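Hi there,

Here is the structure I promised to pass on to you. Have a look when you get a moment, and below it I have written up what turned up.

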Amino acid sequence: MNNSSLVARDLAVLWHPCTQMKDHDPRELENLPMIPVKSARGVWLEDFDGNRYLDAISSWWVNLFGHANPTINQALKDQLDTLEHVLLGGFTHETAVLLAEQLVAVTPPGLDKCFYADNGSSAVEIALKMSFHFWLNQGQPKKTRFITLENSYHGETLGALAVGDTPLYKKTYAPLLMEVITVPSPDCYYREPGESWEAYCIRRFADMENTLARHADSVCAVIVEPLVQCAGGMRMYHPVYLEMLREACTRYGVHLIADEIAVGFGRTGSLFACEQAAISPDFMCLSKGLTGGYLPLSAVLTTETVYRAFYDDYRNLTGFLHSHSYTGNALGCRAALATLDLFRQQDVLAGNRRLAASMANAAAGFADHPHVGEVRQTGMILAIELVKDKPAREAFPWRERRGLKVYRHALSQGVLLRPLGNVVYFMPPYVITEQEIALMIEVAWQGIQYAVRD
Ligand code: PMP
C-alpha cells in the first residue's frame, strides 16, 4: 500500500467532513493532496510513503498527550478485556461512575451532575434542551430563546448550528434553524488602539446587559465559548466578560451555558477557561480533549438545582427523555479517566506555561510582518491574523484562500497547520518539545511568506 493507492480507494467511497470534495480531485489544477495516515506517535503523523507531519492543531483540537500515548493505550487495553459498552438506560458501569465523580470534582463548584453524550454538538443540544425544559418544568413556558455571541461556534447539528454565528457553516441552512438573539462579541481584535482587553470587554458588555434587560423574560440561556472563539478564527477576550456575564445571568434569571468543548482541559492555561473568571456556569459542555483525543465522548455538567427540577413522578412527564445509543461508552470513559490520571501524575498546567512562553518567544517576530494584523495568545492557543493591508487591518478576500496556501506549504515541510480562513494558529498537543515548537513556527513563517506573495 502507498499513498496514492489508498487515496484512490478513499475518493471512490468516502465523503469527508468540512470539505469541498472537488478540491481533492487529482484532475483539478489546484488539487489538494489527501494525506493518508498510516500511524501516529506523539505529535507526529506518518503517511504510507514515510513522510511525517507535526500535528500542530492536535487533530482538530482533540489530542492532549500525543498520539499512541502509552498510559491511555494501556488503559484502553485493560478496559477492552472487561467491558466495551453497555446501554446506560437502566444500567450502569464503574467506568462511567468513576468518570462522572471525577468530572464533578474537577469542574467549577456547583456542577454536581453529569449527563453523557458522544460528541460536542450533542452536548450543546443537551444543554439547550435541558435549559428550556428546566424553565418549562418551573412553570415558565415563555422562556424559549437563546442568546449567543457574534462569531461564535457550537457545532453543526441544527440546534448547535442555530446558536452559532459562523456564516460559512450556518448561512445555507438558515431556513431550518431556530431564531436566536445575537449580541456583539467581546472579540478583542476590534478594540481601539491602546485600549486594554479588559477595558474593551467591559465596554462591550453593555450590549449584553441591554439585551438581557430587554429579553430576559423570553430567554432560557446565554451560550458562550469561554475566552476563545475557536472556529471563529481563534478570537479572544478577557475573563472580566465572563465574570460580568455570570453576575448578569443570575440577576436576570437566565442560565449560562459554557461551551468548553474546545477550550477545556488546559488549552487556555487553566484546566477550564471559566476558572480564570472564577465562575461556575449552569451548564458546562465538554468533549474533544475529554478523552485525550482518543474516542468520541462528551459530557454536560450541571447543577443540583437543574437536576431537581426534573426529579418527579414519572406520570408528570417532566423527565429528561434524551438519549444517544453510545451514552457513557465504557471505552470512551476509560480513555477520559486515563487522561485525568495524566493531569494528576504530572503538573501539566505548569508544563503548558513553559510551552506557551516558548511559543510566544518563537512567534514574537510575526507581529512585525507586513501582512500580520495581530498575534494573540491565550495559554496553549496562539493565532496569527493575516491581513492584506496592515495599517487598515483590511482582510485578504476569502476567495484568495491565503490560509490554504499556508496549509499546502506547511504540509510540504512536514507540519500540519490548518488555518481558519486568514488565521494561522497553533494548538499543539502538550507533549510538543522546544525543537518541535521552533520547527512548527519556522514552517508557519515560510508558509506565510509564500501565501502573501501575489
Ligand atoms: N463547540 C465548540 C466550541 C467546538 O469547537 C466544537 C467543535 N469544533 C463543537 C462545539 C462541536 O463538537 P463536535 O465536532 O464534536 O460535534
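A word on terms before the findings: the domain bounds used here come from an automatic or database domain assignment. On that basis the chain splits into domain 1, made of 35-68 + 348-451, and domain 2, which covers 72-345. Please keep in mind that this is a predicted model.

**How the two domains meet**

The C-alpha centres of domain 1 and domain 2 are 26 Å apart. Their contact draws on 32 residues from domain 1 and 29 residues from domain 2. Together the two domains bury about 2600 Å², and 61% of that area is on carbon and sulfur atoms.

There is polar pairing across the boundary as well. On the domain 1 side, the elements that give two or more residues are helix H2 (58-61), helix H12 (348-362) and strands S13 (372-378), S14 (381-386) and S16 (423-426). Of these, S13 gives the most, with five residues. By type, the residues on this side of domain 1 comprise 18 nonpolar, nine polar and five charged.

**Salt bridges**

How many salt bridges cross the interface of domain 1 and domain 2? The rule finds two there, while a search of the whole structure gives 19. Side chains of opposite charge can pair when their charged atoms come close.

- Arg191 and Glu374 join through their side chains, at 3.1 Å from N to O.
- Lys113 and Glu304 form a salt bridge at 3.0 Å, N to O. This pair links distant parts of the chain, with Lys113 in strand S4 (residues 113-117) and Glu304 in helix H10 (residues 304-308), 191 residues apart.

**Around the ligand**

Which residues surround the ligand? They are Trp61, Asn119, Gly120, Ser121, Tyr153, His154, Gly155, Glu225, Asp259, Ile261, Ala262 and Lys288. Ser121 has a polar side-chain atom 2.6 Å from an oxygen atom of the ligand. In the side chain of Asp259, an N or O atom is 2.6 Å from a nitrogen atom of the ligand. For Asn119, the distance from a side-chain N or O atom to a ligand oxygen atom is 3.5 Å.

Happy to talk any of this over.

Best wishes

Methods
Residues numbered from 1 in each chain as written. Predicted model: local features only at pLDDT ≥ 70, side-chain atom pairs only at ≥ 80, totals over all residues. Heavy atoms only, no water. Contact = heavy atoms within 4.5 Å. Buried area = accessible area lost by both parts, 1.4 Å probe. Salt bridge = Lys/Arg side-chain N within 4 Å of Asp/Glu carboxyl O. Helix = DSSP H or I, 4+ residues; strand = E, 2+ residues; numbered from the N terminus. Nonpolar A, V, L, I, M, F, W, Y, C, P; charged D, E, K, R; others polar. Near = heavy atom within 4 Å. Polar contact = N/O pair within 3.5 Å; in protein donor to acceptor, adjacent residues only side chain to side chain.
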